Amino acid sequence: MQQNDNCIFCKIVQRRIPCDKVYEDDSTLSFMDINPASEGHTLVIAKAHFASLLDIDEASLVAVAVASRRLARAIQAALQPDGMRVGQFNGAAAGQTVFHYHLHIIPVRAGQKVGSHGRTPGQPEAIRQVADKIRAALASPGSQDAAR
Ligand code: AMP
Ligand code: ZN
């Protein structure tokens, strides 16, 4: 699997730096954003290093998309937001700050103003409590029912 020694997300994949992990499969890893734009802001990353949408391989791209649906359903079940933003940024000019392909999942409450990125660090304990709810929803078979 291709990795980049200078990439913070590769270091997370390699367990060289910690993260609040909520989900993992062979090709993807999902963890809480440390600067949450809203409660429950989650990142879904490819385990292999690809800088952006322009160079990610098809298998990883599909794997991230499939994982994002799993996470979105679990976040819906766990936090019951009124909506969710799912997006990503390519290139510094577009707002990308970590050059390792990832999707943002940002839960939104009706009337809530949220940016595309968190600007301030969240409280680790508050983030962990939200992550616990997402992990519990992922462990519940019902969280993946499309009807929910
Ligand atoms: P982007 O600007 O799309 O590249 O987003 C990068 C995101 O990664 C930002 O929302 C950061 O808050 C987040 N981030 C950076 N370092 C970490 C980390 N060590 N753990 C969790 N999230 C991180
Ligand atoms: Zn990387």
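# Briefing: cores, salt bridges and a pocket

M32 touches D20, V22, G40, H41, T42, I127, V130, A131 and I134, leaving out residues up to four places away in sequence. The model is predicted. M32 also stands among the residues that touch the most other members of the largest nonpolar core. It is one of the residues closest to the centre of the largest pocket as well. Seven salt bridges are counted, and disulfides number zero.

**Nonpolar cores**

- The largest nonpolar core has 23 residues. V22, M32, V44, L71, I134 and L138 touch the most other members.
- Five elements each supply at least two residues of this core: β1 (21-24), β3 (42-46), α2 (58-79), β5 (102-108) and α3 (124-139).
- A second core is separate and has ten residues. Among them are F9, C10, F31 and L43.
- C10 is buried, because its relative accessibility is 0%.
- As a general point, nonpolar side chains in soluble globular proteins tend to be buried together.

**Cysteines**

- A disulfide needs the two sulfur atoms within 2.5 Å.
- C19 is partly exposed, with a relative accessible area of 31%.
- The structure as a whole holds zero disulfides.

**Salt bridges around E24**

- E24 pairs with R15 in a salt bridge, with N to O at 3.0 Å.
- E24 also forms a salt bridge with K47, where the closest N and O atoms are 2.8 Å apart.
- K47 lies in the loop between β3 and α2, and E24 lies in strand β1, so this pair ties together parts that are 23 residues apart in sequence.
- E24 is partly exposed, with a relative accessible area of 30%. R15 is partly exposed too, at 48% relative accessibility.

**Salt bridges around R135**

- R135 forms a salt bridge with D20, and the closest N and O atoms are 2.7 Å apart.
- R135 lies in helix α3, while D20 lies in the loop between α1 (8-13) and β1, so the pair ties together parts that are 115 residues apart in sequence.
- R135 is partly exposed, at 26% relative accessibility.
- Which residues are linked in a network of salt bridges? They are D20, E125, R128, D132 and R135.
- D20 is also among the residues that M32 touches.

**The largest pocket**

- The largest pocket holds about 520 Å³ of space.
- It is lined by 24 residues. The closest to its centre are M32, D33, I34, N35 and L43.
- α1, β2 (28-32), β5 and α3 each supply at least two residues of the lining.
- Which element gives the most to the lining? That is α1, with three residues.
- In general, rolling a probe the size of a water molecule over the atoms shows where empty space is left.

**Two loop residues**

- V98 lies in the loop between β4 (83-87) and β5. It is buried, with a relative accessible area of 17%.
- V98 is in contact with I8 and F9, leaving aside its neighbours within four places in sequence.
- V98 and N6 are 92 residues apart in sequence, and 11 Å apart in space, C-alpha to C-alpha.
- R119 lies in the loop between β5 and α3. It is exposed, at 73% relative accessibility.
- R119 and Q3 are 116 residues apart in sequence, and 27 Å apart in space, C-alpha to C-alpha.

**Positive phi**

- Most residues other than glycine have a negative phi.
- R15 has a positive phi, near 65 degrees. R15 is found in the loop between α1 and β1, and its side chain meets that of E24 in a salt bridge.
- Q80 has a positive phi as well, near 50 degrees. Q80 is found in the loop between α2 and β4.
- Q80 is exposed, at 56% relative accessibility.

Technical notes
Residues are numbered from 1 along each chain as its sequence is written. Chains are lettered from A and ligands numbered from 1 in the order in which they are written. This is a predicted model: local features need pLDDT of at least 70, side-chain atom pairs count only at pLDDT 80 or more; totals for chains, interfaces and linings use all residues. Side-chain values use heavy atoms; hydrogens and water are left out. A nonpolar core is a set of buried Ala, Val, Leu, Ile, Met, Phe, Trp, Tyr and Cys residues joined through side-chain atoms within 4.5 Å. Buried means under 20% relative accessible area, exposed over 50%, partly exposed in between (1.4 Å probe, protein chains only). Helices (H or I, at least four residues) and strands (E, at least two) are DSSP runs, numbered from the N terminus. Contact means heavy atoms within 4.5 Å. A salt bridge is a side-chain nitrogen of Lys or Arg within 4 Å of a carboxyl oxygen of Asp or Glu. On a 1 Å grid over the protein atoms alone, a cavity is a set of points where a 1.4 Å probe fits but cannot get out, and a pocket is an open set with protein on both sides within 12 Å along at least five of seven lines; lining residues have an atom within 4 Å of a point. Grid points are joined across faces, edges and corners, and a volume is the space filled by probe spheres set on the points.
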